[in-house]
Amino acid sequence: METSTLDAEDHRLIVATQGGLPLVPRPYHALAAQLGLTPEDVMARLTRLLAAGVIRRIGAVPNHYALGYSANGMSVWDVADECIDSLGEAIGRLPFVTHCYHRPRALPLWPYNLFAMVHGKSRDEVEAQMKQIAMLLGTSCRAHDVLYSSRILKKTGLRIGN
Amino acid sequence: MDETDRRIINALQGGFPICEAPYREAASALELTEVDLITRLQRMLETRILTRFGPMYHAERMGGALVLAALAVPEADYEHVAGQVNALPEVAHNYRREHTLNMWFVLATEIPAGIPAAIDKIEAATGLKVHAFPKLKEYFVGMNLAA
């Protein structure tokens with residue numbers, strides 16, 4: 001779906017739901033009443049946004065610190081550009097990786113082009129996960145590092161306006 | 001958080017139904033009542049075990065832009081610079097990390113042109129170079145951690 005196919009009602013629906021769904025037995029009916037739409041229209045729009053990938057998924061977003069995942073590392077790897085896509089896909093499939101991206105290097109300060117966020121209940125667990133990734137990458141990886149977050153300075157997430 | 005809460009978190013990190021009574025349908029699959037599921041979600045949101053319950057939107061597909069960026073901040077100026085960076089509404093997340101590049105933040109803007117504008121503002125305010133790491137390719141994004 002091109003973003004241009006989002007109409008004004010889609011936009012209002014996004015604004016109304018980006019903070020969460022109403023916790024009532026018929027949440028889509030509640031949204032419909034709030035937005036002046038029919039419940040069928042609200043459900044059809046959400047179904048379409050989900051199919052188009054504008055909505056990644058609908059469900060619970062756990063606070064990983066509350067689940068005991070206190071060791072959160074940004075693991076970064078310098079891998080050969082010609083095989084980064086297949087390696088990135090493989091790393092993204094690991095259960096402890098929540099985000100995996102190809103990003104540009106910033107030489108000479110920053111030689112890494114593959115970024116994978118890893119989560120463990122201790123740094124030892126993350127170190128073991130790092131070894132698992134290193135084994136998967138094998139000789140295609142020239143250097144790596146893991147940057148733990150030592151402090152959350154701000155966390156608000158993306159919010160679009162009305 | 002008890003065993004039922006864990007089952008809810010593990011089962012509902014996606015796939016919440018779109019239908020007339022979705023909590024009832026999701027509760028039934030977990031062998032819970034609708035009221036029990038709603039009450040537990042409410043409590044887990046209030047106690048911050050969950051940060052949100054609902055649709056997760058894809059910024060770029062809504063027409064917006066997200067960019068990861070980093071600064072190498074001199075230690076003596078760290079708090080001051082953190083204040084300057086956090087003051088921008090475009091800064092969605094900001095973390096201290098242990099590296100020469102010691103401040104990592106995500107810029108999120110409603111239109112792509114907002115990103116260079118935000119970078120200019122940070123460079124002007126701090127006098128530091130912003131290193132931007134836009135994603136070239138996304139391999140996986142998901143929260144599938146076991147509770």
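UniProt positions are given here in the numbering used for this model, with feature names shortened, and such annotations may be inferred rather than shown by experiment. The model is predicted, so that local features need pLDDT of at least 70 and side-chain atom pairs count only at pLDDT 80 or more, while totals for chains, interfaces and linings use all residues. Residues are numbered from 1 along each chain as its sequence is written, chains are lettered from A and ligands numbered from 1 in the order in which they are written, and side-chain values use heavy atoms, with hydrogens and water left out.

**View 1. Residues 10-56 of chain A carry a UniProt domain feature.** The record, an unreviewed entry, names this stretch "domain: Siroheme decarboxylase NirL-like HTH".

**View 2. A salt bridge joins A:Arg45 and A:Asp7.** Their side chains meet at 2.9 Å, N to O, where a salt bridge is a side-chain nitrogen of Lys or Arg within 4 Å of a carboxyl oxygen of Asp or Glu. The pair links distant parts of the chain, 38 residues apart, with A:Arg45 in helix 3 (residues 39-51) and A:Asp7 in the segment before helix 1 (8-17) of chain A.

**View 3. Residues 67-154 of chain A carry another UniProt domain feature.** In an unreviewed entry, the record gives "domain: Siroheme decarboxylase AsnC-like ligand binding" for this stretch. Here the chain is 27% helix and 41% strand, and its end C-alpha atoms are 20 Å apart.

**View 4. Chain A and chain B are in contact through 76 residues of chain A and 75 residues of chain B.** Contact means heavy atoms within 4.5 Å. Together the two chains bury about 7100 Å², 62% of it on carbon and sulfur atoms, buried area being the accessible area (1.4 Å probe) that two parts lose on being put together, summed over both. Four salt bridges are counted between chain A and chain B, and B:Glu20 and A:Arg26 meet in a salt bridge through their side chains at 2.8 Å, N to O. By class, the side of chain A that touches chain B has 42 nonpolar, 23 polar and 11 charged residues; Ala, Val, Leu, Ile, Met, Phe, Trp, Tyr, Cys and Pro count as nonpolar, Asp, Glu, Lys and Arg as charged, and the others, Gly among them, as polar.

**View 5. Strand 3 (residues 97-102) of chain A pairs with strand 6 (residues 137-141) of chain B.** The two strands run in the antiparallel sense over four bridges, and strands pair if DSSP finds at least two bridges between them. A:Cys100 stands opposite B:Phe140 in strand 6 of chain B.
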